[in-house]
Amino acid sequence: MEIATNTVVGITFELKVSKDEEAIESVPFSVEVRDQEDPFYFLFGNSGLPEKFEAEIAGKKVGETFSFVLLVTEAYGEAQEDLIMSMPKNQFSNENGFEPEMLEEGNFLPLMDENGYPMQAKVLKDLGEEVLLDFNHPLVGFDLHFEGEIFEVREASPEEIEHGHIHGEHGVDHDND
């Protein structure tokens, strides 16, 4: 079966990222590896992944490999200043399920948006009573270097198509991957 709209795709891959700033290109470094013990699954055509990513693997079959680069503009774009904001520390209390060490600089806080979808924010700075958070996608500003293999392709169930995401693959819900 070929990868097409409304197929569930499982891939193994290594993702490396690089920045291209003022003619100084950084060496790509690895940020995520998904192997056969923990493949990455998504609903093709409704994955929330960059369009170019889906275009690169469309039509492939199980066992085929891929290797491509998404430039910043094809991936998650540049950081948006308005997604960096300070919030009162008391919103991140023990009662709300947060531990003090979670607010250390560089950590990612697991949060929910107003619709109950999981999201994350990176802690940029402790401002005393407040904390400065970055709600940009963790991969903004980076070129993405993907290398991997198609692990599984199957038809999505009517429920998966209706809900726009998959259930049951290793207990992971891929709404916002």
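Analyst: Accessible areas come from the Shrake-Rupley method with a 1.4 Å probe, and for residues only the protein chains shown count as cover. Here, the protein exposes about 10,500 Å², of which carbon and sulfur atoms supply 48%. This is a predicted model, in which local features need pLDDT of at least 70 and side-chain atom pairs count only at pLDDT 80 or more, while totals for chains, interfaces and linings use all residues. Residues are numbered from 1 along each chain as its sequence is written, and side-chain values use heavy atoms, with hydrogens and water left out.

User: How many helices and strands does the secondary structure comprise?

Analyst: Helices (H or I, at least four residues) and strands (E, at least two) are DSSP runs, numbered from the N terminus. This protein has two helices and 11 strands, in the order β-β-β-β-β-α-β-β-β-β-β-β-α along the sequence. Its C-alpha trace spans about 55 × 45 × 30 Å along the principal axes.

User: What percentage of the residues is buried?

Analyst: A residue is buried under 20% relative accessible area, exposed over 50%, and partly exposed in between (1.4 Å probe, protein chains only). Of the 177 residues in the protein, 36% are buried. Val 8 lies in strand 1, and Val 8 counts as buried because its relative accessible area is 1%. Asn 6, in the segment before strand 1 (7-18), is partly exposed because its relative accessible area is 32%. Asn 6 also has a positive phi of about 65 degrees, although it is not a glycine.

User: Which strand is joined to strand 8 by five bridges?

Analyst: Two strands pair if DSSP finds at least two bridges between them. Strand 8 is joined by five bridges to strand 9 (residues 118-126), and the two run antiparallel. Leu 111 stands opposite Met 119 in strand 9. In this hairpin there are five residues between the strands, and Gly 116 takes a positive phi near 85 degrees. Strand 8 (residues 108-112) has a covered face, formed by Leu 109 and Leu 111, and an uncovered face with Phe 108, Pro 110 and Met 112.

User: How many positive and negative side chains are there?

Analyst: Lys and Arg count as positive and Asp and Glu as negative, whereas His and the chain ends are not counted. The place of a charge is taken as NZ of Lys, CZ of Arg, CG of Asp or CD of Glu. The protein has 10 positive and 41 negative side chains, and the centres of the two sets lie 5 Å apart.
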